[in-house]
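Reader: I am new to protein models. Can we go through one together, feature by feature?

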Amino acid sequence: MLIEMILKPFGWMLPGGELTMFALTTIVMIIAGGPFIKTATAAFKKHHSNMDTLVAIGTSTAYIYSVYAMLTHQPVFFESAAFVVTFVLLGQVFEERMRNNASNAVEKLVNLQAKDAEVIRDGKPVKVPVSEIVLGDLIRVRPGEKIAVDGQIVEGSSTIDESMVTGESMPTNKKVGDSVVGATVNGTGAFTFKATKIGKNTMLSQIVALVKKAQNSHAPIQGLTDKVANIFVPVVIMVAVLTFLIWYVFIGASIASSLIFAVSVVVIACPCALGLATPTALMVGTGRSARMGILIKNGEVLEAVNDVKTVIFDKTGTITVGKPQVTDVIGDTSTVLKIAASLEASSEHPLAAAIMKKAKDDDLKFTKATNFKAIQGKGVEATVAGKHAFVGNEKLLADVAIQAEIRSKMTTLQKEAKTVVFVGQENQVIGLIAIQDAPKKTSKAAIHALKSRGLKTVMLTGDNEAVARAVADQVGIDQVVADVLPSDKADQVRSFQTTGRVAFVGDGINDAPALSTADVGIAMGSGTDIAIESGGIVLVKNDLRDVDRALELSRKTFNRIKLNLFWAFVYNVLGIPVAAGVFYFIGLTLSPELAGLAMALSSLSVVTSSVLLNKAKLTPSAQIA
Ligand SMILES: Nc1ncnc2c1ncn2[C@@H]1O[C@H](COP(=O)(O)OP(=O)(O)OP(=O)(O)O)[C@@H](O)[C@H]1O
Ligand SMILES: [Cu+]
């Protein structure tokens, strides 16, 4: 009577009776249940228990008891075993499907690769498979063709659609000297480029590797679930035994009914949804960001983003375009520029590049300096035409007097957001060069978006205070820390960490230590390889608004993980007393089959909730020009 009531939803008998049920269930148990029992025993041997342990114990108890009951002519419940195995298996099939769809992000990226390319060999163009391209190969690209590998244009020009790699929808104009990225698509122009990165070094391969790694990484929160699952299973088995004893010994139900309660407990308590909560959300979240050109390296970063309080930006190349230009020269222009160019010819600083460009544009003749010495955060000095010469900021001029007239010119230029360097010979300043690096078009909107999220924004720079302040005001940054030596940037990040978690955004030119010191290092993809290694998040596009998008996506993903965990847990905890028959007397019970179905559904709902992350709305980063 009791059995019929618990099994009501599925409580029908097959024609042919118990023997038919026995035969059919045996087949199900061997084919479908076998794998569960196998992994459960393997885990048991290693003193582990997992979700398969519970499925295996639950179903084999039901099966073995039913065989015994059949032989001794008592009521059987073969169908419980068969249904539970079937539901769990079906659940796994659906779940696998969804997971595959979700992880497609990586496959789609891999498929972007071009298959072949037209390479110039011995002066003649030949079509070769991408795998046969070697470094330095000259590759011809016709209109509409896919670019095979990374390289630099040596002839021709075009507009290129880079959206597949960067997520940037506007095609970019490219001319001789510009770099092109493999897997992007050529527009209407034709050009030839030199292969500079092939195989696993191409941008696409690196993105794929990063995303793969992220999708298989762990979030610290997962450690908690693993721990819970580990103690959960033995506890559940104990509860199941207790359930049986209470029903059989104290309440006086039949063995069969008592066993059914116990089996339901084991099945409903299976924590598979709990195990899916984190990895599925992580996979979908990182996949979606990757499509937007935001590479989140692992689950740890995702969690750290959650309570970032301050976002610190590097100035040059991060807030600004990073292509500084000489705007003013004070003093005898050609002498000042000639000396400066002689010195800067050996420097790799962005300011040096600006001065060199100006000297070249002006067709100046100069000789390369000797005894070159670069002083980090200050400038450079060397010997030019037998005399000691220098280019740099005030810190470099310890014992050189600055004429009042020059100083006032300097102040005026700095207020216009121009970086001013002194050019001098022996112990005298002979002129000034003012260099301007405009903010990126999107910087202002990016800062605004972050501020409206309640984050504090800070600019950290080696440049002078007045210039830094002027640039900061142009884009709306809250606080400026100027005159910071490259070696002190990490310390500065640390000092902000006393008030909460810090994200640092930089391009890796003199700020790699700061990137790795910050709780969340965000590297501009246009930056150096070191930056990409030191950052926890890499922005493929050069758009600062992606900082906000990255923070939001990380947050959304992390919140989804928490939501998943909550539901998975609630389901297990609430399900157990129902399955144990606590509410039997008000007519609420859970047969093993229903428990199996509920478990499968709960796993599916967790996976669905993760997949829905793909659809989660993002707030449009404030569209202020
Ligand atoms: N090669 C150089 N030529 C002239 N001045 C230099 C040179 N290198 C450094 N300086 C001086 O030192 C300052 C600080 O340089 P540093 O490289 O630390 O920062 P930055 O690149 O200007 O800015 P950021 O810290 O935002 O990247 C420069 O603003 C400049 O005044
Ligand atoms: Cu399960």
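Reader: Is Glu465 buried, partly exposed or exposed, and why?

Author: Start with the cut-offs. Buried means under 20% relative accessible area, exposed means over 50%, and partly exposed is in between (1.4 Å probe, protein chains only). Glu465 counts as partly exposed because its relative accessibility is 41%. Keep in mind that this is a predicted model, where local features need pLDDT of at least 70, side-chain atom pairs count only at pLDDT 80 or more, and totals for chains, interfaces and linings use all residues. Residues are numbered from 1 along each chain as its sequence is written, chains are lettered from A and ligands numbered from 1 in the order in which they are written, and side-chain values use heavy atoms, with hydrogens and water left out.

Reader: Which helix holds Glu465?

Author: Helices (H or I, at least four residues) and strands (E, at least two) are DSSP runs, numbered from the N terminus. Glu465 belongs to helix α16, residues 465-475.

Reader: What does Glu465 touch?

Author: Contact means heavy atoms within 4.5 Å. Not counting residues up to four places away in sequence, Glu465 touches Val480, Ala482 and Asp483.

Reader: Which residues of α16 are buried?

Author: An α-helix has 3.6 residues a turn, so residues three or four places apart point the same way. In α16 the buried residues are Val467, Ala468, Ala470, Val471, Ala472 and Val475. They pack against several elements, among them α11 (315-319), α14 (404-415) and β18 (479-481).

Reader: What is found at the start of α16, and what just after it?

Author: First, a polar contact is a pair of N or O atoms within 3.5 Å; within protein, one must be able to donate a hydrogen and the other to accept it, and residues adjacent in sequence count only if both atoms are side-chain atoms. At the start of α16, a side-chain oxygen of Asn464 comes to within 2.7 Å of the backbone nitrogen of Ala466. Just after α16, Gly476 has a positive phi of about 90°.

Reader: Which residues other than glycine have a positive phi?

Author: Most residues other than glycine have a negative phi. Here are two cases to look up. Asp363 has a positive phi near 60°. It sits in the loop between α13 (350-361) and β12 (370-375). Ala417 has a positive phi of about 65°, and lies in the loop between α14 and β15.

Reader: Are Asp363 and Ala417 buried or exposed?

Author: Use the cut-offs again. Asp363 counts as exposed, because its relative accessibility is 60%. Ala417 is buried, because its relative accessible area is 5%.

Reader: What polar contact does the side chain of Thr383 make?

Author: Find strand β13 (residues 379-384), which holds Thr383. The side chain of Thr383 makes a polar contact with the side chain of Asn371, at 3.0 Å. Not counting residues up to four places away in sequence, Thr383 touches Ala369, Thr370 and Asn371.

Reader: Where is Ser610, and is it buried or exposed?

Author: Ser610 is in helix α21 (residues 592-611). Ser610 is buried, because its relative accessible area is 1%. Leaving aside neighbours within four places in sequence, its contacts include Ala277, Arg560 and Asn564.

Reader: How many helices and strands does the chain have?

Author: The chain has 21 helices and 21 strands. Of its 625 residues, 51% count as buried.
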